[in-house]
Amino acid sequence: MKIKKILFAGICLLFLQHSYSQEGLPFYEHYLVADNYLINPSFAGSNSEVLRLRATHYSQWAGLEDAPSTQTLSAHSRITNRLAGGFYAFNDRNGATSMRGFNLSAAYHIPIGDQFSYYEGEEDNQFSFGLSFNGISQVFDRTKWNAQHPEDPYLQDTSFFLSYFNLGANFHYNGIYGGISVLDMPLGDNRPIVNAIEPLPTWYYFQVGYKWNLSEGIQLEPSVLMNLNSNSERQIDLTLRSRLAMGENAVRLGVNYRTDTDESGAQALSITPLVNLEIGSLRIGYAYKMGLTDISKEAGDGHLISLGFDFGNPFNFGY
């Protein structure tokens, strides 16, 4: 039984290394309970009235001891009438590998037609574009290695600093929104990020959605997110959310379905029920990620949690 567990853990680690090359940095799916800023820098300050603060925690494969976990902390706000800035930091631990990083973002927003808010607290009609810089520190804990040849020169470097550049654009118009972003464009050698052999690929994100007011206080929001990478892999997120407003508070319920296609074929990756609560300025989100692959079914499901606040914009001087 012990040998079986060891073999299964080894297979999971190999699978996770491959999943990093598929999904990019390990926090990009946190947008499901936080906001689109994590996958597109042009969403920084998209709502001119608020400063958004979000923290997320993701525990993957709950059935495994020392399973991977990732945390993020982000904040972004409009600084002037059209210029916005943002910041996020993340921490990820996966076995003998840990990554910590930060991002600095800037975005510019151009009004489209009349100033329009689909419901209170929503983004105006606008076209936005932005850019950002990622700095990432990756560290390997050699005490957790059991290398057959520890003197191998490829095992001597145990820490790396990597840098990336990101671009994005999006629009909102009368409830319709869409965005495109290019993430993880390396500014140097990025091979260590996966396994010292395969570099992290650049990802291209395409998103479109519609916020449909069914009646007063009730909204339905279908959306599609497709991401392609430079290794010819493709993922598609299909998400359906509903929002029920109750005065200053609201509850959102939804579900996300994710598929993946690469050179070996197509497969369903996960189905994820979602819930978000809006209590005054407090924002709470939870997602239960149910893996649909064989390894995910054996290793257990994932839990994604977010906590945040929408503060009044401290840079809003009456514009």
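The discussion below concerns a predicted model.

Trainee: How many helices and strands does the protein chain have?
Mentor: The model is predicted, and its secondary structure is assigned from the coordinates. Of the 319 residues in the protein chain, 47% count as buried. The chain has 2 helices and 15 strands.

Trainee: What percentage of contacts between residues at least 6 apart in sequence join residues at least 24 apart?
Mentor: A contact here requires heavy atoms within 4.5 Å. Among contacts in the protein chain between residues at least 6 apart, the share joining residues at least 24 apart is 56%.

Trainee: In what sense do β4 and β5 pair, parallel or antiparallel?
Mentor: Strand β4 covers residues 97–111 and strand β5 covers residues 126–140, with 15 bridges between them. Within this pairing, Arg-100 stands opposite Ser-137 of β5. The sense of the β4 and β5 pairing is antiparallel.

Trainee: Which residue of β6 is the bridge partner of Phe-133?
Mentor: β5 also pairs with strand β6, residues 159–173, in the antiparallel sense over 14 bridges. In β6, the bridge partner of Phe-133 is Phe-165.

Trainee: Is the ring pair of Tyr-37 and Tyr-88 stacked, tilted or edge-to-face?
Mentor: A search of the whole structure finds 7 aromatic pairs. In the pair of Tyr-37 and Tyr-88, the ring centres are 5.8 Å apart and the planes meet at 80°. Planes over 60 degrees apart count as edge-to-face. The pair of Tyr-37 and Tyr-88 is therefore edge-to-face.

Trainee: How many residues apart are Tyr-37 and Tyr-88?
Mentor: Tyr-37 counts as buried at 1% relative accessibility, and Tyr-88 is buried at 3%. Tyr-37 lies in the loop between α1 and β1, whereas Tyr-88 is in strand β3. The pair links distant parts of the chain, and the separation is 51 residues.

Trainee: Are Phe-102 and Phe-133 buried, partly exposed or exposed?
Mentor: Their ring centres lie 6.0 Å apart with planes at 55°, so the pair is tilted. Phe-102 is in β4 and Phe-133 in β5, so the pair ties together parts 31 residues apart in sequence. Phe-102 has a relative accessible area of 31%, and Phe-133 one of 29%. Buried would require under 20% and exposed over 50%, so Phe-102 and Phe-133 are both partly exposed.

Trainee: Which residue joins Asn-229 in a side-chain polar contact of 2.8 Å?
Mentor: Asn-229 lies in strand β10, residues 218–229. At 6% relative accessibility, Asn-229 counts as buried. The partner in the 2.8 Å contact is Glu-233.

Trainee: Over the face of which residue does Lys-211 lie?
Mentor: Elsewhere among the aromatic residues, ring pairs link Tyr-28, Trp-203 and Tyr-205 into a cluster. Lys-211 is 5.4 Å from the ring centre of the residue whose face it covers, Tyr-177.

How values were computed: Residues numbered from 1 in each chain as written. Predicted model: local features only at pLDDT ≥ 70, side-chain atom pairs only at ≥ 80, totals over all residues. Heavy atoms only, no water. Pairing = 2+ DSSP bridges. Helix = DSSP H or I, 4+ residues; strand = E, 2+ residues; numbered from the N terminus. Buried < 20%, exposed > 50% of the residue type's maximum accessible area, 1.4 Å probe, protein only. Polar contact = N/O pair within 3.5 Å; in protein donor to acceptor, adjacent residues only side chain to side chain. Phe/Tyr/Trp six-rings, centres within 6.5 Å; stacked < 30°, edge-to-face > 60°. Lys NZ or Arg CZ within 6 Å of the ring centre and 35° of its normal.
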